[in-house]
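Thanks for coming, everyone. I have one structure to walk through. Please keep it on screen while I talk.

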Amino acid sequence: MTDSAPSSVSAAPTLSPRVAAYQPTPDFPFADLQPVAVWRHFAALCAIPRQSKHEAALRDHLAAWAEGRGLASEQDGVGNLVIRKPGSPGREQEAGVILQGHLDMVCQQNSGTGHDFQQDPIRPVLKDGWLLAENTTLGADNGIGVALALAALEADGLSHPPLEVLLTVDEEAGMGGALGLAPGLLRGRYLINIDTEEWGHLYLGCAGGMDVNVTYAYSSEPAPAGWTVAKISLTGLSGGHSGIDIHKERGNAIKLLVRLLGELGQQLGAEAWRLLQLEGGTARNALPREAFATVILDPACLAEIEATLATGAQALARELKGVENGLSVRLSELPSLAGPAMAPAAQRQLLAALNAAPHGVARMSMSVPGIVETSNNLGVLSVANGQARANFMVRSLVDSAAQAHARRIADLFGLIGADCQLTDGYSGWKPNPDSPLLALAQQVYAAQFGGSAQVEVIHAGLECGIIGAKYPGLDMLSFGPTIHGAHAPGERVEVETVARSWQFLVALLAALPRV
């Protein structure tokens, strides 16, 4: 434990009235859902906002909960929380197991929803066997994994070795909690990560990656007098997880809008329209669902601009048919807006670089068939007031390939004089097919459910690789319930697979080698 953080909290945290009024209970939509303890904990996670870098209220709530149950807790300098429970009777001296998840969630919402992720609770609904949030992300990633681990701490009748529940912070915004994990904090020999999203699959490896942060200072000019200010909106895309869904060929709203703006430039040139602002995406690890450009137009060219946008939107709809059926492109006039427009040369350069920049799958794995090796997501773009900022999140199963792909993106933007910083690099989790924990998990799965679990490597960032590098010798495994649409509004978790995940976790803890 560090000097800067207390090991426990003596009172429950103070929540805003809107959150306190939620009063998380097993009531609807959690009524009759099993196992009760898991859903009760998930209800609490829905009630307490937990945006990346703002997990303190939830962490303090859980530390107070642990203290109330007589469980020791410890917090490290970056805010990770560990809660410990002795082994069940007769198993106190066995090798310990770490149950691991992250406290934060990706915060995405549909336009017009008006949800405040720092104040408002998530309000799920139950539909056809799925628990979902209709207009925001649900936070099942990784709230369900956290709830499963907390339920294991709470259950008195389980057979288990000494338990440590490691709850990290800032996972979704750059793995900050895992990267800052204090040495000497963990004692266990096994680590079970509960942060994957397809029931019946056991994961033993994941991608690593890094971010490319682009900053481009551009010159501006006074907007031509008498021109019309308008907003071009590209909305209605599916979004999704930038790792798990990257191979599904979903649209990237930033890339698509940049393409349309490029076509305007080709058809009409800077003499007919100029860019004032451009923005899209809100999370580095979410596929952008919406993008918006504020432009100033020559009124004499308005009809031609509308026709060019309509033709471009029709082409996009044809190309994405069956994948993105909700694509919408709309031009709407705005009140007069003061401020300079991007200079024509800078506008051409920036749009060309954004159009040429890669997005999506760069290479499939040759060693793990059917799995993406290297990819990137252009996740966030902001252009305003003389500065453009873009974030590209690069993932790869091969560290050197991630570095090379990131460097390629940086070199591209370097050609237009942009400043490019490669940050938040983290190593992947190298698979160990000979893992004793994996072999045991396969036996337990077969005994509990019949058949065989699929063993896979995931093209997403799990914290296992980072934690494993800090604690060499850990035997690690990841599993979880089925979650669809993580990192996008409409995220949902299949209720039945949560119960199965609990059954599997209980049986695996009971079966761990008694050494």
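Arg59, for example, lies in helix H3, residues 56-68.

Some ground rules. This is a predicted model, where local features need pLDDT of at least 70, side-chain atom pairs count only at pLDDT 80 or more, and totals for chains, interfaces and linings use all residues. Residues are numbered from 1 along each chain as its sequence is written, and side-chain values use heavy atoms, with hydrogens and water left out.

Back to Arg59. Buried means under 20% relative accessible area, exposed over 50%, partly exposed in between, with a 1.4 Å probe and protein chains only. Arg59 has 11% relative accessibility, so it counts as buried.

Next, helix H8, residues 344-356. It has 13 residues and spans 18 Å from first C-alpha to last, close to the 18 Å expected at 1.5 Å a residue. That expected span is 1.5 Å times one less than the number of residues. Which residues of H8 are buried? Ala346, Gln347, Leu350, Leu351, Ala353 and Leu354. They cover an arc of only 160° around the axis, so they sit on the same side of H8. The arc is taken from the directions from the helix axis to the C-beta atoms. Arg348 and Ala356, on the other side of H8, are exposed.

Now cysteines. How many disulfides does the structure hold? The count is 0, where a disulfide is a pair of cysteine sulfur atoms within 2.5 Å. Take Cys107. The closest cysteine sulfur is in Cys46, 12 Å away, which is too far for a bond. Cys107 is buried at 17%, and Cys420 is buried at 16%.

We use a 1 Å grid over the protein atoms alone: a cavity is a set of points where a 1.4 Å probe fits but cannot get out, and a pocket is an open set with protein on both sides within 12 Å along at least five of seven lines; lining residues have an atom within 4 Å of a point. Points are joined across faces, edges and corners, and a volume is the space filled by probe spheres set on them.

There are 3 cavities of 30 Å³ or more. His487 is buried, at 1% relative accessibility. It has a positive phi of about 75° although it is not a glycine.

The second largest cavity has a volume of about 40 Å³. Its lining includes Cys46, Arg50 and Asp120.

The largest pocket has a volume of about 570 Å³. Of its 29 lining residues, Glu198, Ile244, Asp245, His247 and Lys248 are the closest to the centre. Strand S20 gives the largest share of that lining, 3 residues.

Last, the backbone. Two peptide bonds to look at: Gln34 to Pro35 is cis, with omega near -5°, and Asp141 to Asn142 is cis, with omega near 5°. Pro35 is in the loop between helices H1 and H2, while Asn142 lies in helix H4.

Technical notes. Helix = DSSP H or I, 4+ residues; strand = E, 2+ residues; numbered from the N terminus.
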